Amino acid sequence: MEKIKGIFLIVMGAMLWGATGPLMEFILENTGMTVSFMLTIRLLVAGLAILLFLVATKKSIFPIWRSAHWRRQLIIFSVLGMLGLQFSFVTAINVSNAVFATLLQFLGPIFIVIFLSIKLRTWPPKYQLLGIMGTFFGLFLLLTNFSLDSLLVSTEAIIWGVMLGVTFAIYTLHPVALMNEWGVLVVVGWGMLVGGAILGITTFVWNSEEWVLLLNINTSLWMVVLIFFGTIAFILFLSSMKYISPVLTSILSSIEPLTAMVISIIVFHTTLGLWQALGVFIMLGCVTWLSIVGEKAESYNNE
């Protein structure tokens, strides 16, 4: 029964998170809102909501700031992890589309493997090298539709896609000790609030002319839906980890880019060529295979 509960949580979480990509693309295209303004509002409201929820449930949220070590680690995570990931993700959507950005985010494990290999000064195992090569071949098909004449996305989109992968690795690897010490929601809540505050201060958000956009009922409603979907999706994803294995989580997480793709096709009439569609499934298959083989290898080494 608990496994079924875990599957339900991860499926719902992945679908909701997959829906946020096209939703952000819709808001950026139809409201005149910029990436920095939308992201500032999203991070501030979501972070504040999580922290208020913790306070309402009698959880302590301020002790993390009393230690210089943990305070420094939290600020690094807030800027390079939380804000870095969110900003690169939304910007990648803005300069390309939700499908491309979501797929590049799903490639995060590849960048984690590369980062750890550089840190440990060793080559990845053969199965990881094969998985990485297969994934990049799928990405090649997605970007070119198997034609060398031209790329189907801009160089700017590729650069932000690479940044998305790098920040995803930081977002995943850096806060492990933080979350073990203080809890996931405390770290994520402060990460969102601090990241949003820093972005707002650096862009002088209080002087922005975009505040008037929120007077439009439809725009405000879309923003509320975006913040709600994104926050709930993250909570559902984390909750699922209590009931199912990381392997099953990785496999079912592939629903996220597929959801983004389906919604984009319906709403934006986004189309993929035959080779592009094949590239998508090769990418998803290779990343999923990496997760399965990696889990089996880790289990074998621990025996």
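Modeller: Let's start with threonine 20, which is in contact (heavy atoms within 4.5 Å) with Leu226, Phe229 and Gly230, leaving aside its neighbours within four places in sequence. Keep in mind that this is a predicted model, in which local features need pLDDT of at least 70 and side-chain atom pairs count only at pLDDT 80 or more, while totals for chains, interfaces and linings use all residues. Residues are numbered from 1 along each chain as its sequence is written, and side-chain values use heavy atoms, with hydrogens and water left out.

Threonine 20 belongs to helix 1, residues 2-31 (helices are DSSP runs of H or I, at least four residues, strands are runs of E, at least two, and both are numbered from the N terminus). Threonine 20 counts as buried because its relative accessibility is 0%; buried means under 20% relative accessible area, exposed over 50%, and partly exposed in between, with a 1.4 Å probe and protein chains only.

Leu226 turns up again with methionine 38, which touches Met24, Ile27, Leu28, Met33, Val90, Met223 and Leu226, not counting residues up to four places away in sequence. Met38, along with Ile64 and Trp190, touches the most other members of the largest nonpolar core, a set of 66 residues. A core here is a set of buried Ala, Val, Leu, Ile, Met, Phe, Trp, Tyr and Cys residues joined through side-chain atoms within 4.5 Å. There's also a second, separate core of five residues, among them Leu9, Leu16, Ala233 and Leu236.

Now zoom out. The chain comes to 13 helices and zero strands. Of its 303 residues, 48% are buried. Among contacts with a separation of 6 or more, 85% join residues 24 or more positions apart.

Helix 6, residues 126-144, gives the patch its largest share, three residues. Leucine 130 sits in helix 6 and counts as exposed because its relative accessibility is 51%.
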